[in-house]
Amino acid sequence: MTAKAASAVVKTNATMNLKYFNIEEFSCPTLPNSGVNMDSDFLQKLDNARHIAGIAFKINSGYRTKEHHEAIYNRLGKEPTKSAHLIGKAADIHCTDSKSRFIILSALLDAGFTRIGISSTFIHCDTAEKGKSQQVIWTY
C-alpha cells in the first residue's frame with residue numbers, strides 16, 4: 001500500500017480506497033496490524049479532511065488497545081477516559097505550528113467533524129456518538 005492510493009480492509013470487512021493514508025498509520029504501537037480496527041466511515045471522513053486541507057496529516061495515534069490507552073493515561077497521572085480511540089473512531093494528527101493548526105482545524109470542520117481537541121502538539125478528532133457531546137472543541 002502507498003500513501004497515495006491505498007486499499008484497506010477494515011473491521012467492516014469492506015474494501016475501501018484511502019487516497020492519503022496507509023491503514024498501518026492507524027495501528028496501535030503495541031499491536032501490529034491493528035489499524036484494521038479503524039471504523040471505515042471515520043477513515044473516509046478523515047481522508048476527505050486531508051484532501052480539503054491540501055497538506056499532509058501525520059497520525060500520532062489511531063486505534064488503541066485498552067492496555068495502551070491506560071498506559072498513556074497512567075504516564076500522565078490521570079484516570080483513563082472512555083476514548084473513541086478504543087473503537088477505531090478517533091485519530092490524533094501531529095501539529096506544532098499555528099498555520100498548520102488553522103489549516104487542519106478548518107479542514108476537519110469542513111469535512112463534518114464535530115468533536116475536536118487541540119493540544120500544542122496534536123489535533124484530536126473523533127466521531128464518537130454515544131454519550132459524548134457533539135459540536136465541541138476542547139483544549140488539552
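Residues are numbered from 1 along each chain as its sequence is written, and because the model is predicted, local features need pLDDT of at least 70, side-chain atom pairs count only at pLDDT 80 or more, and totals for chains, interfaces and linings use all residues. Side-chain values use heavy atoms, with hydrogens and water left out.

**View 1. Helix 1 packs against helix 3.** Helix 1 (residues 40-53) and helix 3 (residues 98-110), where helices are DSSP runs of H or I with at least four residues, pack at an angle of about 130°, their axes lying 8 Å apart. Helix 1 is therefore oblique to helix 3, a word for angles left over once those under 35 degrees, over 145 and from 65 to 115 are set aside. In contact, meaning heavy atoms within 4.5 Å, L46, A49, I52 and A53 of helix 1 meet I103, A107, L108 and D110 of helix 3.

**View 2. The largest pocket holds about 530 Å³ of space.** A pocket is an open set of points on a 1 Å grid over the protein atoms alone, where a 1.4 Å probe fits, with protein on both sides within 12 Å along at least five of seven lines, and lining residues have an atom within 4 Å of a point. Of the 30 residues that line the largest pocket, R64, Y73, H85, D92 and Y140 lie nearest its centre. Helix 2 gives the most to this lining, with six residues.

**View 3. The second largest pocket has a volume of about 180 Å³.** The residues that line the second largest pocket include K82, S83, K89 and E129.

Note on methods
Axes are lines fitted to C-alpha atoms, for helices over the stretch in contact, and angles run from 0 to 180 degrees between N-to-C directions. Helices (H or I, at least four residues) and strands (E, at least two) are DSSP runs, numbered from the N terminus. Grid points are joined across faces, edges and corners, and a volume is the space filled by probe spheres set on the points.
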